[in-house]
Amino acid sequence: MAGKHSGKNRISPNEERLNAGIALHRASPLFSRLDGIIRIAGKEQMGKQAAGLVRSDGVILLNRDLALNPPQWAYVVAHCQLHLAFGHFDGEKMPGYQQILPDGSGQWKVSCNKALWNAACDLYIAKFLSDVKFGAPPWGGRIEAFPMSLTDEQAIYRHLLERGHDERDQEYGTGAPKSMDMAGLEHPIFYDEKKGQKNLHMVNFAYALSCSVSHVVREAAGRGDGGGERMTPAREAAQWFISRYPLLGGLAAGFKIIMDYQYCQKEEISVAAVDVTCGEIYVNPAAGLEKEELRFVLAHEFLHAGLQHYERRQGRDPYLWNVACDYVINGWLMDMGIGEMPQQGGLYDESLKNISAENLYDRIIRDLRRFSREDTFRGYGKGDMIGGQRKGAVDGGAASLDDFYRNALQNGLEYHQQSGRGFIPAGLIEEIRALAMPPVPWDVELARWFDSYFPSLEKRRSYARPSRRQGSTPDIPRPSYITPDIPENSRTFGVVIDTSGSMSARLIGLALGAVASYAQAREVPFARVVFCDATAYDAGYLAPEDIAGRVQVKGRGGTILQPGVDLLERAKDFPKDGPVLIITDGEIENDLKVKREHGFLIPRGKRLPFRAKGKVFYFRE
C-alpha cells in the first residue's frame, strides 16, 4: 500500500510502485479475473534483476526490490498469469510430447529444450500484450521487431530451434535478462480427459475473455457495470474495503471471494468461512445477506487472517479457539461500526470485550457447558477458519501468506490513522502492532529466568595462583583469574518432572535438555531432581550433563505433583531460597500449592488448570 510509513514497517519506493502496479492490474476487466497467487519476494530469493517468476502450481513471485514503474509491474503480473492461462506448463502443448503406451493408459513423456520453449512462450505473450496495449515491458523490448509471425508457440519454438539459441530471446520475459521466468517445466502437467481433468486456468481465461468483451461493449454503450457478471454482492462488499476502508483494504485486495452454493453445501458453510492457507473466503449465497451484513462478515474473515488466528492456535482445540477469536473480532467490529452483524452465527457478548483471544480461550475451557456448541458463521458446532496443510511458505524462502496478511494489516493501520478514516479500538491496535514484534522465544525467556536467580559469577584476579604466562616472564608477577569459591548448595534449583502417562519421552527429553543447557551456562553445578506421577521419586542432586543425557525416568502412573513439590520444600539439604521449576503438560491436579519461588515449563497450546503464581514458559515440541 502506498503512503508514508515509519520504523520497521516503512515501505520502500520500489515496493510502493509495485503496489501501484498491482492496483493497475486489478483495474483491468480481463487480467483482474485471471488466476494466479501473488507472492511478494525480495532479491535474496529471486536475484537482483528478476522481476517476476511463475510456478507450475499457480504461484507468481514478484521482486519488491526491483525498480520498475507501475505499468511495468502490471505487465509483469499479466505476463505471468498468461503463462498459466495459455497452458504453457501443459505437457500436451509442449514440443516433443509423446504418449508412450499405445493403449492410452496415461503414460507420456516430453523432450524439448525448456529454455527455448520458455522463450517461445514469452514471445507469444509479448505479442498478445502488445496487441491489447496493456502495461509496459520491463526490459523495453519491441516485439514488432521480431522477424516472424507470433501466432503459435510451437511454430515460434521451431524457428528458435532452427536459428539457434540467442540469449536475447529471454528479454521478452519477466525473469532476469537472459534467464527463464517459468519454474516447473521439468515436470510438465498432464490432464486425463477420460477422468474429467482439465486445465482450469485455461477455462477461467476463456470466461474472463468473454466477460471483458461484454464489459467493453457495455462501456461503449454507456452502461458500465463496474466488473461484469463476476461482480457478485460479496465482491462488491470487498471492493468497498479496498476503496473506502484502508485498515482492511490491503487484506481485501489479497483475497478471492467465492460465492458458490454447491461448495458451501459440501463444506457445510452456513454463512461464510475463510481458508487462510489459499487466500479464499467462501460466502453462501443462500444465507441471503444484505449489503451491510456482507461487509461485517468479510471484515470478520479478513481479521481472522490478518491477526494470524490460524497460526496462533498452537495446539488448542480448533473449534473452541475459533469461538474465542469470533467473540473478540465481533466485539471490535461492533465498536467500529462496520456493517451490521447477521443474526446467524454472530457471536457477541458485551461482557467478553477487551479480552485477548488467548485469555478468552482459557475462560471458555473452564465453562465448556456454555461455549461447547456455539453457532459460528460456518454453522452450529463448526469453526469458520478452515484449511488443510500450510501453503503459505514460498519455495526459496520468499514471503509467506502469513507475512502478507500481517504486513497488509499493519500498513492498513498506518494509512487508516494518517487519513483519519475512523475509530479503531485500542485492543485491536495493540494486537496489530504486537504482530510486528516477534515473540520472545521460550528458551530466551527461560534463560532470563535463570539469570534472575543465578547471575554470572564474576572472576577476580589472584596472585595466589600464578598466570600460565608467568613462566615466560619470571621477573614480572602475573595474577590468574579465578572463580570465587561458593558452597555447592547455594547455587542450585529444584526440578519437579511430571512422568505420568500423558507426558511423552520426547517432551521430557526436550524440556530436560533446555534446563540442563542453561544450568551449565549459569555455572550451576547441581540441580535437585524429583520425578513424580502419583508418587515422588527423589533422584537427588545431579550435574547438568546428567540431567540432559543419563537420567532414567521412573514412574508412569497418574498425575499428582504435590508429593514431589512437598518433598523438595521439606528437604533439609535443599536451600530455602532455591527456586523450583516444574515440567508438566498441564494435566495435573487443580490445587497444586508451591510456597517458594517457582516456574512452570509446559508445551505450547497446553494450559494449567489453575492461575499460576509463578512464571509460565511455553515451549514448542
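Reader: Which residues in H7 meet which residues in H10?
Author: Happy to walk through this one; bear in mind that the model is predicted. H7 covers residues 233–244 and H10 covers residues 291–306. On the H7 side the contact has Pro 233, Ala 234, Ala 237, Ala 238, Trp 240 and Phe 241, and these meet Leu 294, Arg 295, Leu 298, Ala 299 and Phe 302 in H10.

Reader: By class, how many nonpolar, polar and charged residues does the contact of H7 with H10 have?
Author: Arg 295 of H10 takes part in this contact, and Arg counts as charged. The class count for H7 with H10 is ten nonpolar, no polar and one charged.

Reader: Are H7 and H10 roughly parallel or roughly perpendicular to each other?
Author: Their axes come within 9 Å and cross at roughly 65 degrees; the crossing is right-handed. Angles of 65 to 115 degrees fall in one class, so H7 and H10 are roughly perpendicular.

Reader: How is H8 oriented to H10, and which residues in H8 meet H10?
Author: H8, residues 246–253, packs against H10 at about 80 degrees, with the axes 10 Å apart. That angle makes the two helices roughly perpendicular. On the H10 side are Ala 299, Phe 302, Leu 303 and Gly 306, and the residues in H8 that meet them are Leu 248, Leu 251 and Ala 252.

Reader: By class, what does the contact of H8 with H10 hold?
Author: Gly 306 of H10 belongs to this contact, and Gly counts as polar. The tally is six nonpolar, one polar and no charged residues.

Reader: Why are H4 and H5 oblique to each other?
Author: H4 (residues 114–132) and H5 (residues 153–163) pack with their axes 8 Å apart, at an angle of about 125 degrees. Roughly perpendicular ends at 115 and roughly antiparallel lies over 145, so the pair is oblique.

Reader: Is the crossing of H4 and H5 left-handed or right-handed, and which residues make the contact?
Author: H4 passes H5 in a right-handed crossing. By class the contact has eleven nonpolar, one polar and one charged residues. From H5 come Glu 153, Gln 154, Ile 156, Tyr 157, Leu 160 and Leu 161, and from H4 come Leu 116, Trp 117, Ala 119, Ala 120, Cys 121, Leu 123 and Tyr 124.

Reader: What lines the largest cavity, and what volume does the cavity have?
Author: The structure holds one cavity of 30 Å³ or more. Its lining is Tyr 327, Val 328, Gly 331, Trp 332, Asp 335, Leu 352, Lys 353, Asn 354 and Ile 355, with five nonpolar, two polar and two charged residues by class. The volume of the largest cavity is about 50 Å³.

Conventions. Residues numbered from 1 in each chain as written. Predicted model: local features only at pLDDT ≥ 70, side-chain atom pairs only at ≥ 80, totals over all residues. Heavy atoms only, no water. 1 Å grid on protein atoms, 1.4 Å probe; cavity = no way out; pocket = protein on both sides within 12 Å on 5 of 7 lines; lining within 4 Å. Points joined across faces, edges and corners; volume = space filled by probe spheres on them. Axes fitted to C-alpha atoms, helices over the stretch in contact; angles between N-to-C directions. Helix = DSSP H or I, 4+ residues; strand = E, 2+ residues; numbered from the N terminus. Parallel < 35°, antiparallel > 145°, perpendicular 65-115°, else oblique. Left-handed = near helix turned anticlockwise from the far one by under 90°. Contact = heavy atoms within 4.5 Å.
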